[in-house]
Amino acid sequence: MLRRLPLNAGALVVFLLCVFPVYWMVLTAFKPTPEIQAETPVFLPTSLTLEHFSAAVDADGFWSFWRNSLIVTAGSVLLALAVALGSAFAVARLRWKGRRGFVLMVFIAQVAPWEALLIPMYVIARDTGMLDRLATLTLVYFMITLPFTIVTLRSFLTGIPKELEEAAQVDGCTRAAAFRRVTFPLLAPGLLATSLFGFITAWNEFAFANMLIIKNQDDRTLPVWLSSFSNVFGTDWGATMAASTLFALPVLILFLVLQRRVTTGLAGGAVKG
């Protein structure tokens with residue numbers, strides 16, 4: 001017990017450092033304005049208010065930008081899953097010339113920093129007339145999340161015994177039917193895990209959204225809108241933190257709903273004599 005004390009203490013410190021910014025954001029969203037502007041930080045407010053949430057929800061464009069973020073995020077995740085599923089199956093189940101080179105390129109694309117793509121993507125979008133369009137932003141997020149989705153689904157597919165598909169084919173199923181009826185249901189944890197990652201990545205992304213949506217401000221996403229959220233007196237920190245809390249809720253809810261299925265076994269007990 002004593003040997004693990006330093007490790008547990010270090011883990012507690014890391015936990016507090018990670019959680020405190022979130023706690024401060026939510027706390028500020030519920031604090032009355034005088035406590036927010038007080039010179040001495042108030043860690044335990046004496047009263048709570050919902051006025052900042054009302055200000056955030058009633059602000060111009062809040063629901064419009066919320067809708068834009070949802071459209072872009074859902075579209076990119078669905079596209080990435082559809083393309084990555086076929087690619088992962090081809091890599092995990094088939095043998096073809098250039099397969100190793102393809103996998104290597106996917107890994108390189110995954111580890112490449114997204115920031116390196118900012119200028120090339122802007123130039124391409126400008127020259128092709130694709131600036132200020134949600135469809136362009138959707139394709140960019142699809143491109144960002146695709147490598148990780150392929151790698152993750154490939155790992156999940158590799159963990160599912162291919163003998164299950166072969167047994168289904170012996171029973172009369174075609175290869176496509178065997179995959180659809182046997183492998184695809186067992187792949188659900190992988191699909192959920194990659195969907196969660198893609199959703200978080202696209203939902204929180206700021207740099208591409210800020211750069212590719214310039215003139216048509218109505219097509220901005222919520223992170224870009226939050227960065228410029230202010231009133232005639234300057235930044236309204238209470239409303240900003242309330243809007244940020246509402247912005248974080250979908251990710252939190254999605255994680256809480258999917259966490260059990262994501263961590264379940266893939267094909268445990270599927271092959272038993």
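Student: Which residues do ring pairs link into a cluster?

Tutor: In this predicted model, ring pairs join Phe62, Trp63, Phe65, Trp66, Phe199, Trp203, Trp225 and Phe247 into a cluster.

Student: Why is the pair of Phe62 and Trp66 called tilted?

Tutor: The planes of Phe62 and Trp66 stand at 45°. Stacked requires under 30 degrees and edge-to-face over 60, so an angle in the remaining range is tilted. The centres of Phe62 and Trp66 are 5.8 Å apart, and the limit for a pair is 6.5 Å.

Student: What separates Phe62 and Trp66 along helix H4?

Tutor: About one helical turn, because the two residues are four residues apart in helix H4.

Student: Why do Phe62 and Trp66 count as buried?

Tutor: Buried means under 20% relative accessible area. Phe62 has 1%, so Phe62 is buried. Trp66 has 19%, and therefore Trp66 is buried as well.

Student: How many aromatic pairs does the rule give?

Tutor: The count comes to 16 aromatic pairs. One of them is formed by Phe30 and Phe53, whose ring centres are 4.9 Å apart; their planes make an angle of 50°, so this pair is tilted.

Student: Which residues form a nonpolar patch on the surface?

Tutor: The patch consists of Leu12, Phe15, Leu16, Val19, Phe20, Tyr23, Phe43 and Leu44, which together have about 810 Å² of accessible area. Tyr23 belongs to helix H1 (residues 5–30). At 35% relative accessibility, Tyr23 is partly exposed, and a patch residue needs over 30%.

Student: How do you know which elements have the lowest and the highest mean pLDDT?

Tutor: Among the elements of the chain, the lowest mean is 82, for helix H13 (residues 237–262), and the highest is 90, for helix H4 (residues 62–93). Over residues 265–273 the pLDDT is below 50, and this stretch has twelve contacts in the model beyond near neighbours in sequence. For the chain, the mean pLDDT is 83, with 92% of residues at 70 or more.

How values were computed. Residues numbered from 1 in each chain as written. Predicted model: local features only at pLDDT ≥ 70, side-chain atom pairs only at ≥ 80, totals over all residues. Heavy atoms only, no water. Patch = residues over 30% accessible without salt bridge, like charges linked within 9 Å, V, L, I, M, F, W, Y side chains within 5 Å. Areas by Shrake-Rupley, 256 points an atom, 1.4 Å probe, with all protein chains shown as cover. Salt bridge = Lys/Arg side-chain N within 4 Å of Asp/Glu carboxyl O. Buried < 20%, exposed > 50% of the residue type's maximum accessible area, 1.4 Å probe, protein only. pLDDT = per-residue confidence, 0-100. Contact = heavy atoms within 4.5 Å. Phe/Tyr/Trp six-rings, centres within 6.5 Å; stacked < 30°, edge-to-face > 60°.
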